[in-house]
Amino acid sequence: MSTIKNAILTRYQGGYRTATDATSVAANGRRETFLSLTSTANSAATTAAITEYLDTLDSGITTVRAGLLPTSDAETPYAGQWGPGASVTVPRLSNSLTGETMQVRSITVNEDDATGQLSFTPELVRVASTRFQQADGQLRQLNDGTLNGRSAAATIAGDLDPDVRAGRVRTFTVTFSKDELEVSTSPDKYPTDYGRLQSVFCYLSTAGTTATTIQITVAGSLVTFSQSGGASSSTITIPATRDAIFGMTASQVDVTPLQTIACTIASVGTGATGLVVDLVFGER
């Protein structure tokens, strides 16, 4: 299944934002999509979300079906202790020997009536697509107020705080910023409420020609985030020539107003300036 999108129009509380991948437009023609973030007022969060969506959608192939001929029990689904949800390496469509990591979404098993031989047809999805679907689901929940089980059908009282009426129910943000970048650790900050760390938005005023890396600690422990491509790491990487990145926590991180939060710039991209890191917290 191919779903290339290379131009995004996004609506958020501050108005509209657009982003275009000129290389993809030249190769595939202009293919537009719309992203609604009407409960988001933060410009940095909007920029990072647009970048994340465009980076995922302009890659084209999202799911494929592949034939599988096991040569041993270890290569046989279920018998070899792998099945739906496992990550496997498959050849690229260009027949390159360098494979691509994909995730097994489902496996169709057929039995030959005459020989009893089993054949397997796994449906594979790009790890980046799985990551995109997770991010898309959370953004939609944040947008309609259903994060942490809230009902979109509920009527919100008119005398509540404007942020609550907009759908950001009991959320808060901790922000770190630095104009001139150097390898350093910020002073400790403290959460304004009890909450659960949901996501991180990072952006640069000027993108570096090499990568900039960041680490977040809560109560002295490194936090692991999942970025585009599905990789989970305690190091957040803003790639070379990119000015924004969006990540979601890979495991549950709850905080209290007594716990410290710090941001470490582990490496500075060549020419990179003006870093802002927003940590978004929701209800436990």
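User: In which strand does Tyr 16 lie?
Analyst: The model is predicted, with local features needing pLDDT of at least 70 and side-chain atom pairs pLDDT 80 or more, while totals for chains, interfaces and linings use all residues. Residues are numbered from 1 along each chain as its sequence is written, and side-chain values use heavy atoms, without hydrogens and water. Strands are DSSP runs (E, at least two residues), numbered from the N terminus. The run at residues 15-20 contains Tyr 16, and this is strand β2.

User: Is Tyr 16 buried or exposed?
Analyst: Buried means under 20% relative accessible area, exposed over 50%, and partly exposed in between (1.4 Å probe, protein chains only). Because its relative accessibility is 52%, Tyr 16 counts as exposed.

User: How many aromatic pairs does a search of the whole structure find?
Analyst: Rings of Phe, Tyr and Trp (its six-membered ring) pair if their centres lie within 6.5 Å; planes under 30 degrees apart count as stacked, over 60 as edge-to-face and the rest as tilted. Phe 172 and Phe 281 form a stacked pair, at 4.8 Å centre to centre and 5° between the planes. For the whole structure, the number of aromatic pairs found is one.

User: How far apart in sequence are the parts that the pair of Phe 172 and Phe 281 ties together?
Analyst: Phe 172 counts as buried at 10% relative accessibility, and Phe 281 is buried at 0%. Phe 172 belongs to strand β8 and Phe 281 to strand β19, so the parts tied together by this pair are separated in sequence by 109 residues.

Technical notes: Helix = DSSP H or I, 4+ residues; strand = E, 2+ residues; numbered from the N terminus.
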